[in-house]
Amino acid sequence: MKTDQPILLNVESPQRLSAMTASRRLRFKETGLLGVLLVLGLLLSLFCGSLEVPNRDTGGVTTVNKFLRADNLDNLAKNTSFFAIMAVGATFVIITGGIDLSVGSMYCLAAVCGAMFLNYFGPRGPGAGASPFWVVPGAIVICLGTGTLCGLLNGLGVVFLRVHPFVITLGTMAIYRGVAFVMTKAQAYTHFPEQFTDGLIRHQVNWHGANLYPVPLAMMIGVTVLAGWYLKHAVTGRHIFAVGGNEQASLFSGLPVNRIKVKVYAFSGLTAGIAAMIMLGYYGSASSDAGKGYELDVIAAAVVGGASLVGGRGTALGALLGALIIQMINNGIVILNIDQNYSQIIIGAVIVLAVLLDRINSTLRENRMARTTLAAKESRQEVASKH
Amino acid sequence: MKTKPFFKIIALTGLAVTFITGCEQKKNEPASGEAAGPTPKKSEYTFALVAKSQSNPVFQAARVGAEDAAVELSKKLGVKITVLWRTPNEDDAQKQVENIEQLVLQGVDGISVSCSEAETLTPAIDKAVDQGVAVMCFDSDAPASKRFCYHGTDDIECGHIIMRELAAVLGPGKHVVAIPGGNQNARNIQNRIKGAVDEATNYPNISIRGVYYSKEVPQDAAAKIEEVQTANPDIDGWAMIGSWSLFTDALLKWEPGKVKIVAMDALPAELPYLTKGVVQKLYAQQTYRWGVRSVELLADKVILGKKPANVMDYSELPPVTKDDVQQYEQNWKKWLRQ
């Protein structure tokens, strides 16, 4: 059975143990990805140049780095948030050895349902004037509920129809987008209550003269932390790895495999719903073409983040970092003024490179762990022979 | 089993005669697409509209225009004209080809198509014309095909107009502007960009920072524009030859007048931008007229046997300002049957 948690036997001296723990902290699973991020960030900061922006406080002009600017980083975080949140959900599915091709469509359907509701109670809708105290939570429930329901149907399809998740989610990808299309009659829905857009998701904070929108970033971090904790510390979280590592063994061990699978697909839908809610609030509109092609970006983010498509491996933080790497490349292409026609080649190449670096890092880590285990075994044998 | 040489000769001769007769019959058929005289009258005609994408409201307006024109012309000409709508959900040239092939098999009399990608559609259009179906293009042309005419915006001129107006709005002094692109493969987008870039050469004080492509999806387009503007705060003008980003309200938070915007189309979602002063001027494509003219031109060609006066039947591109917002809101209610 493949799992992410190595069994380590520590029979070293306290000083040595402390040094090992510190070095292990530095060698955690996402070190390779963080390295890639740092290198990318460093390259962008060095080569993007600087620009002069008016300083509202002093009234003068300040020279700033094009990449390392609060509003650019905030924009980068906002653009990453949609994909990162969905990639966290997709990672859960991928850890169980499944795949969810319908994330883009679930995102679209959740957004469209929420948009129709918000448009109805918006300033130009028939329900204008309704209290935002229930309209805003209502919209949130609709987005999250629609996403979760779609994911639940995917999970039930996978479990009860016993069809490969690729096929089920390929089908639902078309069905959910089709439903969104029929519901909207190809119209874009806009004019939402301000309390949902400017008052909540697009809430603006002024920081040293830069207008920042911290809600998408906060939600992305919140989802990642909660999902990361769940995977690592909750019993079901550990079961998810077990199912992905060896489904048959998990079944024979008495794990509720079907229930776990349904849960991960429902969670994937929930994350699509959260991303849809952020998109609705930030852009203030939705139509049936929202999230077109996002499934591949989301799966790419999860895979770059270290999730293994054969199952048993993946982390929530990795998914976030994977999404961030892809968005940083996009951002870099704009900042460095690289011809957009080359963007797909660059993104593809960097994805392959990031995965390769992560693979090298994983191999080195596995070798280190094997050496540590061997050393522990030898040390134990030595102690036993002395006695 | 051995066949006698005599039977072989008879069989081969028969086959040859059948083949030659068949070829002769084909040769004697009038070449389609060259119908100069009046076409034999039928009581029912079917035309089809193949637009780029279902989810773009401009094409929904074209559809309503075509259906309205069909009703009107049916009364006027005393025939029944039916309009079929065969548009892919998303921008997809290959699906458009499949739809055209299917329509030809279905026996439609005429097709009007807005090409997602001219090169992919040209063989399908030619094949349809060869099989006797009248084909025209609207919105986005396939100039190398056998289509009998094009109706829509003069895209190169449109690019010129947008950039000229932006230059006027920006005024004297040094300016940095950007152009948002959409589908890189669409000929109309390529031509508009070409027109805008060419026009900018007339203004030495204006430099173009770049053409920034994105999916023709409102949220993706808005995200790209925000990203570009944040990364390049010195950009003080946008020549929006495509205005997908304005279908969201994300850019409404921009300080009015700080960055000047001149954009294409005057869709319902874009109108608040004019009211608020974030966008200085819109140029409205005659999207409802696309449908109306498609049916009119097809009816002229197929029913009355008339050739169009101009192969390139360009439509107007009227400017829309704050004062016209109310009128356009009313128009859109009609065009989208709301």
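Helices here are DSSP runs of H or I with at least four residues, strands are runs of E with at least two, and both are numbered from the N terminus. This is a predicted model, where local features need pLDDT of at least 70 and side-chain atom pairs 80 or more, while totals for chains, interfaces and linings use all residues. Residues are numbered from 1 along each chain as its sequence is written, and chains are lettered from A and ligands numbered from 1 in the order written.

Back to H2(B): its 21 residues reach 30 Å from first C-alpha to last, close to the 30 Å expected at 1.5 Å a residue, the expected span being 1.5 Å times one less than the number of residues. Its buried residues include B:Phe59, B:Arg63 and B:Leu73; buried means 20 or more other C-beta atoms within 10 Å of the residue's own, with C-beta atoms placed from the backbone. Strands S1 and S2 and helices H9 and H10 of chain B are among what covers them.

Next, the chains. In chain B, 28 residues are in contact with 27 of chain A, contact meaning C-beta atoms, placed from the backbone, within 7 Å. H7(B) gives the most to that side of chain B, 9 residues.

Last, chain A. The axes of H3(A) and H11(A) come within 7 Å and cross at roughly 170°; axes are lines fitted to C-alpha atoms over the stretch in contact, with angles from 0 to 180 degrees between N-to-C directions. The two helices are therefore roughly antiparallel, a term for angles over 145 degrees.

How values were computed. Parallel < 35°, antiparallel > 145°, perpendicular 65-115°, else oblique. Contact = placed C-beta atoms within 7 Å. Buried ≥ 20, exposed ≤ 12 C-beta atoms within 10 Å, placed from the backbone.
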